[in-house]
Amino acid sequence: MTIYQRLLARYGPQHWWPADSPFEVIVGAILTQSAAWGNVEKALANLKGEGVLSPQGLYHLPEERLARLIYPSGYYNAKARKLKAIVNHLVEVYQGDLDRLFAPDVATLRPELLALHGIGPETADSILLYAGAKPVFVIDAYTRRSAARLGLAPANASYAALQALFMANLPLQVPLFNEYHALLVRLGKEACRKVPRCPACPLLDLCPAGQAGDGTSAEVAASSA
DNA sequence: GGCCAGGACACCA
DNA sequence: TGGTGTCATGGC
């Protein structure tokens with residue numbers, strides 16, 4: 001059984017991304033930057049309560065008021081500025097139409113997102129996968145931790161290298177990337193942070209033969225095919 | 001009371 | 001390219 005299959009068997013479908021709309025995914029992707037998801041939910045609830053969780057709603061909302069509404073998610077001034085930059089682009093270039101935003105392929109869209117203030121590699125890829133249904137593998141702190149503990153990659157691997165490792169050895173399928181990343185996050189939350197792993201680490205029985213791998217491409221493929 | 005949570009940016013050497 | 005400070009609330 002592959003690692004992916006073991007993760008799915010253990011935890012079940014994670015139903016990511018928890019949002020009612022693609023736009024909510026985009027906003028949540030910004031708000032969750034270095035923040036606990038529970039705090040993000042409070043901020044999203046505030047935006048929904050004010051009826052402004054839409055491109056036009058945030059576009060016309062004063063930045064100071066936006067900052068107050070997202071206060072629970074932390075870094076509220078910085079995140080209000082980021083959200084404004086993204087929403088301004090979305091409304092002024094695409095009239096707030098996400099179908100138009102996501103019409104181009106990843107090669108065109110990813111650089112466009114990365115050029116916006118507040119959108120780095122992880123946020124861009126989260127938006128592409130979970131809002132735009134593009135086959136892009138998301139790397140975050142939990143993914144990195146899980147991959148390192150599983151022996152799939154060194155702990156200091158770059159974002160690009162880690163992403164390339166998964167994408168070069170997995171079929172480019174949105175449902176697979178969606179669930180696999182979410183499962184790695186779930187595992188990362190549960191796994192101990194000790195290096196090497198402690199005897200009780202939940203990762204142990206997920207590794208092939210109960211051993212950490214050597215990080216080869218072949219192993220990633222074997223672990224997920 | 002300290003640590004950490006589904007990062008990104010500005011600035012520096 | 002890589003390292004560091006900044007942004008900040010809330011739960012444990």
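Analyst: Happy to! Of the 225 residues of chain A, 33% count as buried, meaning that 20 or more other C-beta atoms lie within 10 Å of a residue's own, whereas exposed means 12 or fewer and partly exposed lies in between, with C-beta atoms placed from the backbone. This is a predicted model, in which local features need pLDDT of at least 70, side-chain atom pairs count only at pLDDT 80 or more, and totals for chains, interfaces and linings use all residues. Residues are numbered from 1 along each chain as its sequence is written, while chains are lettered from A and ligands numbered from 1 in the order in which they are written.

Chain A has 13 helices and zero strands; helices are DSSP runs of H or I with at least four residues, strands are E runs of at least two, and both are numbered from the N terminus.

A residue is near a strand if its C-beta atom, placed from the backbone, lies within 6 Å of it. DNA strand B is surrounded by 24 residues, the closest being Gln-33, Ser-34, Gly-120, Thr-123 and Ala-141. Two or more residues each come from α9 (121–131), α10 (141–149) and α12 (174–190), and α9 gives the most, with four. This surface divides into 12 nonpolar, nine polar and three charged residues. Here Ala, Val, Leu, Ile, Met, Phe, Trp, Tyr, Cys and Pro count as nonpolar, Asp, Glu, Lys and Arg as charged, and the others, Gly among them, as polar.

Around DNA strand C are residues including Ser-34, Tyr-71, Tyr-75 and Asn-77. Both α3 (37–49) and α6 (76–94) supply at least two residues there, with α6 giving the most, three. The surface near DNA strand C has seven nonpolar, five polar and no charged residues.
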